[in-house]
Each structure stands twice: as structure tokens, then as C-alpha cells.
Amino acid sequence: METNKTTTQKVDEVLSSLDNLEEVKISPFFKQSVLNKIELEKEKSVIQFSWFSPQLQLAAVCIVLLLNAIVMFYTFTNNSSVSENSIETFAQEYHLQSSSDSILN
Amino acid sequence: MYVYSTLSFLTEQDYIAALIQGKSSAFNQLLEDYQQKVFSTCISFVPNKEDAEDIAQEVFLEVFKSISKFKGNSKLSTWIYKIATNKCLEFIRKKNTKKRFAFMQVIKGNEIPIDKTSYFTEFNHPGIQLENKEKSELLFRMINTLPESQKVVFTLAKIDGKSYQEIVDITGKSLSSVESIMFRAKKTLKEKLTKFYKNNDL
């Protein structure tokens with residue numbers, strides 16, 4: 001019981017340790033430091049294209065990547081047939097040997 | 001060197017409008033009005049003067065960046081205290097990563113380790129008398145193990161000295177909810193401290 005009472009007393013002492021908390025005064029240089037940082041932030045927003053927000057930037061990057069992906073997709077799927085057609089046309093134009101069968105060979 | 005005059009704004013709406021326009025005079029007034037209050041809130045959560053000042057600076061920078069989003073649904077002071085509370089919790093969460101292991105020890109019923117490098121650089125709360133320093137440091141560490149809602153309500157009420165109505169405005173909870181959370185916080189702290197003393201046999 002004595003131990004319990006002591007523990008309870010200790011717990012109460014800890015819980016009341018902040019009862020007489022004194023106010024801590026902020027540093028006198030705090031205000032000027034914050035105002036300086038705010039001025040720096042203002043300068044940053046003037047230099048950049050303020051209308052071109054990070055969301056717009058991200059959207060632009062996504063669009064560019066998408067366009068690249070589309071172009072690459074069409075390039076690789078059509079590449080073989082396009083090149084074959086080009087070679088055929090070239091060969092016929094200059095009466096060169098081509099892959100197609102011809103009785104005139 | 002900036003020289004400002006302390007202008008008195010006709011209404012809070014004029015004040016907010018001037019802040020949105022980014023007028024230096026308005027921010028000068030803002031700091032005059034709130035720097036001590038915001039710092040007091042920050043040092044209540046993070047009992048280290050340097051850490052608390054860093055957080056307080058971030059609060060005012062956030063106010064500067066976000067003032068255009070302030071809808072006027074609450075008082076300006078309430079909005080600023082919300083930002084201050086969130087910034088403090090953000091700071092504590094980042095620093096608390098190391099304490100996850102210690103918390104698991106608590107769950108397993110093992111001795112609660114006193115990690116002296118937890119969520120603040122060093123216990124440095126100049127407002128605490130020397131004879132209470134050890135007990136206060138223990139109490140702050142115990143508060144840090146509370147669930148976040150209990151931590152916020154207890155800290156704002158008992159350490160920062162805010163009224164229950166102010167806490168209702170800041171947290172968005174009902175008065176009965178705040179009272180209930182406060183009761184649970186005190187109960188939890190008593191249990192944790194009792195367990196700590198029994199385990200440490202002091």
C-alpha cells in the first residue's frame with residue numbers, strides 16, 4: 001500500500017508539473033526573420049510564370065509523354081509495311097529488281 | 001531594414017484582403033498580433049525553443065502562401081492555430097519514426113525506454129522551473145505516446161491554456177467530444193505513468 005501510495009503521488013506530481021508553466025517569450029529577431037522570408041517568397045513568385053502552376057506543368061509533361069508514346073506506337077506498328085511499300089515503289093520507279101513477282105523480270 | 005507603420009484595419013475583412021494582396025503592412029500587423037501566440041502553441045507541442053521557433057516561422061510562411069484559400073468560414077485566429085497545430089504534428093510525426101520501435105516495446109508490456117533523441121532536439125522549455133524539469137520531460141514524452149486526438153486536446157488545454165471552446169473551433173470536434181477526449185487523455189496518462197513507475201521501481 002505504501003508503495004502504491006508513493007506511485008500515485010509520483011504520478012500526480014508528474015501530471016501537475018506543468019501547472020506553473022511560465023510563458024516563454026519569442027526571440028526579438030523572429031518577426032524580422034519571418035518578414036525577410038516572406039519578401040523572398042514574393043520575389044520567387046514574381047520571377048516564375050505564376051500562371052503556369054505546378055499542376056499545369058505536370059499536365060504538360062503528361063501530354064508530351066503521351067504524344068511521344070502514341071508516335072512511337074504508330075511508328076513501330078506501321079514501320080515494316082511502310083518500308084516495304086517504299087522499297088517496292090522505289091524499285092519500280094527505277095526498274096530495279098523487286099521482291100514482287102513479274103513476268104517481265 | 002524595413003520600416004513599417006502599424007496600421008489599424010477597419011474590419012477583419014479589410015485585414016484579410018490586405019493579406020491576400022500581400023501587403024507588407026498587413027503581414028507586419030499579423031506578426032505583431034500572432035507571433036507570441038503561435039510560438040506558445042508550438043512550444044506546447046514541441047518543448048524546445050529553437051524547434052518551436054522554426055515551426056512558428058513555417059506557420060507564418062504557410063499563412064502567406066495559403067491566405068488566398070482562406071474562405072472566412074472561421075475566425076482568422078482559429079485558422080492560424082489550425083495551421084500551427086498541423087505543423088507541430090507534422091514535425092512530431094517526422095521525428096517520431098525512431099520511436100516506432102520503442103512504442104512496440106510498450107505494446108509488448110516491456111519497459112518503456114526513455115529515448116533521449118525523440119521528437120525534439122533537446123528538452124529546452126525555458127518556462128519550466130528547474131525542480132520540475134525531469135518530471136515535465138517525462139510528461140512530454142508520455143503525451144507523445146498518446147493517440148493524436150488525445151495529444152492535441154490535452155496539449156492545447158493543459159499546456160497551451162486554450163479554452164474548450166477554442167479547442168472545439170480549432171479541431172472541429174463537438175464540445176462533448178473534446179471533453180470526452182480530455183478525460184480519456186488524463187486517464188491514459190495516469191495509466192502509462194503508473195506502469196512506468198512500477199516497471200522502473202522508482
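**Fold of chain B.** I started with the secondary structure: chain B has nine helices and zero strands. I took helices (H or I, at least four residues) and strands (E, at least two) as DSSP runs, numbered from the N terminus. Read along the sequence, the pattern is α-α-α-α-α-α-α-α-α.

**Ground rules.** This is a predicted model, so I noted the limits: local features need pLDDT of at least 70, side-chain atom pairs count only at pLDDT 80 or more, and totals for chains, interfaces and linings use all residues. Residues are numbered from 1 along each chain as its sequence is written, chains are lettered from A and ligands numbered from 1 in the order in which they are written, and side-chain values use heavy atoms, with hydrogens and water left out.

I looked up burial next, and 51% of the 202 residues of chain B count as buried. Buried here is under 20% relative accessible area, exposed is over 50%, and partly exposed is in between (1.4 Å probe, protein chains only). For contacts (heavy atoms within 4.5 Å), I took those in chain B between residues at least 6 apart in sequence; 62% of them join residues at least 24 apart.

**Core.** Which residues have the most contacts inside the largest nonpolar core? They are B:Leu30, B:Val38, B:Leu76 and B:Ile80, in a core of 70 residues. A nonpolar core is a set of buried Ala, Val, Leu, Ile, Met, Phe, Trp, Tyr and Cys residues joined through side-chain atoms within 4.5 Å. In soluble globular proteins, nonpolar side chains tend to be buried together.

**Helix 6.** Helix 6 of chain B is largely enclosed by the rest of the structure, because eight of its 11 residues are buried. I listed the buried ones: B:Ser136, B:Glu137, B:Leu138, B:Leu139, B:Phe140, B:Arg141, B:Met142 and B:Ile143.

**Interface.** On to the chain pair: 42 residues of chain B are in contact with 31 residues of chain A. The two chains bury about 3500 Å² between them, 67% of it on carbon and sulfur atoms. That figure is the accessible area (1.4 Å probe) that two parts lose on being put together, summed over both. I get 11 residue pairs in polar contact between chain B and chain A, both residues at pLDDT 80 or more. A polar contact is a pair of N or O atoms within 3.5 Å; within protein, one must be able to donate a hydrogen and the other to accept it, and residues adjacent in sequence count only if both atoms are side-chain atoms.

Which elements give two or more residues to the side of chain B that touches chain A? Helix 2 (24-45), helix 3 (49-66), helix 6 (133-143), helix 7 (148-159) and helix 9 (175-200) of chain B do. Helix 2 has the largest share, 10 residues. That side of chain B divides into 20 nonpolar, 13 polar and nine charged residues. Ala, Val, Leu, Ile, Met, Phe, Trp, Tyr, Cys and Pro count as nonpolar, Asp, Glu, Lys and Arg as charged, and the others, Gly among them, as polar.

**Salt bridges.** Three cross the interface of chain B and chain A. One salt bridge joins B:Glu32 to A:Lys31, with the closest N and O atoms 2.4 Å apart.

Inside chain B, I checked B:Glu53 and B:Lys49, which meet in a salt bridge at 3.7 Å, N to O. They are four residues apart in helix 3 of chain B, so about one helical turn separates them. B:Glu53 counts as buried at 16% relative accessibility. B:Glu191 and B:Lys187 pair at 3.4 Å, also four residues apart, in helix 9 of chain B. B:Glu191 is partly exposed at 46%, and B:Lys187 is partly exposed at 45%.

**B:Lys162.** This lysine is in the loop between helix 7 and helix 8 (164-171) of chain B, and is buried at 10% relative accessible area. Its salt bridge partner is B:Asp160, at 2.7 Å, N to O; B:Asp160 is buried too. A polar contact of 3.4 Å joins the side chains of B:Lys162 and B:Thr41.

Definitions and conventions
Salt bridge = Lys/Arg side-chain N within 4 Å of Asp/Glu carboxyl O.
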